[in-house]
Amino acid sequence: MRVLVDNGEYWLRNRGDIAMMVMTVERLRDRWPQARIGMLTDEPHILRGVLPQAEPVVAHTGGHWGRAGLAGLLDQQAGIHLLGPAAMQWRAATEVPKHYLRGVKNWARREVRQLATGDRAPAPGMPDLPPVPGALAEADLVIAQGGGYMTDVDLHQAHRTLNLLEAAQRQGIPNVMIGQGMGPMRDAELLRRAAEVLPGVNLIALREGLRGPKLLAELGVPADKILVTGDDAVEFAYRLRRPEIGADLGLCLRISDYSKVSDSARDTLGAVVRREAAALDTALAPLIISEYDDEDRRHTLPLLAGVANARPVIGRAGTAQDVARQVSRCRVLVTSAYHLAVFALSQGIPAVAVTASQYYDDKFYGLADMFDADTADAGLRIVHLDVDNLDTELTRAIRQLWESAPELRDTLQQKAVEQIDAGRAGLDRVYGLVAGGDGLPGESAEPVQGDK
């Protein structure tokens, strides 16, 4: 049995994506203990370190399966116990200079392209894509694992995944998408390709039901192929919840090409969070979930300047488990990073989500809907960073959630359990697609019990 898993994070720099990978592989391994589970990646040694139950399928070298038998077992053990940990430590130690080198390299590429073609960037919607992975030819199942990459913001990964799914369909290989965030999607070429490929996917499980189902219907996907299950990282975080409520105020600010934040909004956010932490007499905890281009670290840490009571920041070699445990010690957190809100809500911790783009609006409103944001005591408050009264809105949201945190805890955790059960039920349908598999349509996993 060979399962090929696609994902939105081939470089393994985002701990939210890694949390989804962990749960996907664990659930597959529970059902098919002897299966070869290949995870597409460009960092094979890092993958061995963070995801030992999966096999690296290296995309940039053609995406082929590794060695089988005793040789494969030796590769696995060497990767898990030696090469993986060493690669993680080396990358963490060299990340700062490599960050600047990447910037120089990207600038040089743009200049060379301009000299050669007169264009500063490829035509929108037409990314330069690698060929379909060679591992597909021997795969029994193809899974496009959860993420927010089927959108205009990540055209390269969206088209790469669509090409893989289309190739699987042509070869008659069962192909599914799980834990997906769909859209925003306005790029004409992406819309065209999605309408060609997505109706042929055997099953699409969404992480939210507010906007994704409507977009899929517009793209021609039959309703009986669509499920709403929640994010794959919900169970990952839920397992790490603490029996007692936390006391810290967590903070993460991400500023990137797809998350526009003005200087004034950034300054206001920092001032409010510092002031409220002092007023509440609590520690301020910096939370770093993405190491890509230092997008969380270099924008969050300056906001803690001068704070007397600040928690230590996680190191660059820190794991997704480390971050989820940091979150578990918070009573409330303020975040512009989606998966930190997932980690918090799943553990029964309310959050203030700050957004400055349609991309994050869709993420956060969809997540809020999964945790019953339409109720008066919603556990996720969404604040737009471009409002005129940002100081007032942020202050009110933090104070209200701080007061209501104990009462929200059980309700949020119960919503997490419901999503965990829905995710497992969705995978039961996936198992039933595979000829010779031991998963049958209609067969259900044991529900998660809140006291486990």
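A residue is called exposed when its relative accessible area is over 50% and buried when that area is under 20%, with partly exposed residues in between. In this predicted model, Leu70 has a relative accessible area of 62% and is therefore exposed. Leu70 is found in helix H3, which covers residues 69–117, and together with Leu73 and Leu74 it makes a nonpolar surface patch of about 320 Å². An α-helix has 3.6 residues a turn, so residues three or four places apart point the same way.

Just after H4, Gly172 takes a positive phi of about 70°.

Leaving aside its neighbours within four places in sequence, Val234 is in contact with Val342, Ser346, Ala416, Gln419 and Ile420. The C-alpha atoms of Val234 and Gly423 are 9.5 Å apart in space, although these two residues are 189 residues apart in sequence.

We turn now to charged side chains. Side chains of opposite charge can pair when their charged atoms come close. Across the whole structure, a search finds 33 salt bridges. One of them joins the side chains of Arg27 and Asp232, with a distance of 3.9 Å from N to O; this pair links distant parts of the chain, since Arg27 belongs to helix H1 and Asp232 to the loop between strand S8 and H7, 205 residues apart. Arg27, at 11% relative accessibility, counts as buried, and Asp232 is buried as well, with a relative accessible area of 5%.

The side chain of Asp231 meets that of Arg207 in a salt bridge of 3.7 Å, N to O. Asp231 lies in the loop between S8 and H7, and Arg207 in the loop between strand S7 and helix H6, so this pair ties together parts that are 24 residues apart in sequence. Asp231 counts as buried at 6% relative accessibility, and Arg207 counts as buried at 6%.

A salt bridge of 2.8 Å, N to O, joins the side chains of Arg242 and Glu244. Here Arg242 is partly exposed, with a relative accessible area of 29%, and Glu244, at 39%, also counts as partly exposed. Elsewhere, salt bridges that share partners join Glu26, Arg27, Asp232, Glu235, Arg239 and Arg424 into one network.

Two strands complete the tour. Thr355, in strand S12, is buried with a relative accessible area of 2%, and a polar atom of its side chain lies 3.2 Å from the backbone oxygen of Ser357. Beyond its neighbours within four places in sequence, Thr355 is in contact with residues including Tyr360, Phe364, Ile382 and Val383. Arg381, in strand S13, has a side-chain polar atom 3.2 Å from the backbone oxygen of Ala378, and a polar contact of 2.6 Å joins its side chain to that of Gln400.

Note on methods. Residues are numbered from 1 along each chain as its sequence is written. This is a predicted model: local features need pLDDT of at least 70, side-chain atom pairs count only at pLDDT 80 or more; totals for chains, interfaces and linings use all residues. Side-chain values use heavy atoms; hydrogens and water are left out. Patches are made of residues with over 30% relative accessible area and no salt bridge: like charges are joined within 9 Å, nonpolar side chains (Val, Leu, Ile, Met, Phe, Trp, Tyr) within 5 Å. Accessible areas come from the Shrake-Rupley method with a 1.4 Å probe; for residues, only the protein chains shown count as cover. A salt bridge is a side-chain nitrogen of Lys or Arg within 4 Å of a carboxyl oxygen of Asp or Glu. Helices (H or I, at least four residues) and strands (E, at least two) are DSSP runs, numbered from the N terminus. Buried means under 20% relative accessible area, exposed over 50%, partly exposed in between (1.4 Å probe, protein chains only). A polar contact is a pair of N or O atoms within 3.5 Å; within protein, one must be able to donate a hydrogen and the other to accept it, and residues adjacent in sequence count only if both atoms are side-chain atoms. Contact means heavy atoms within 4.5 Å.
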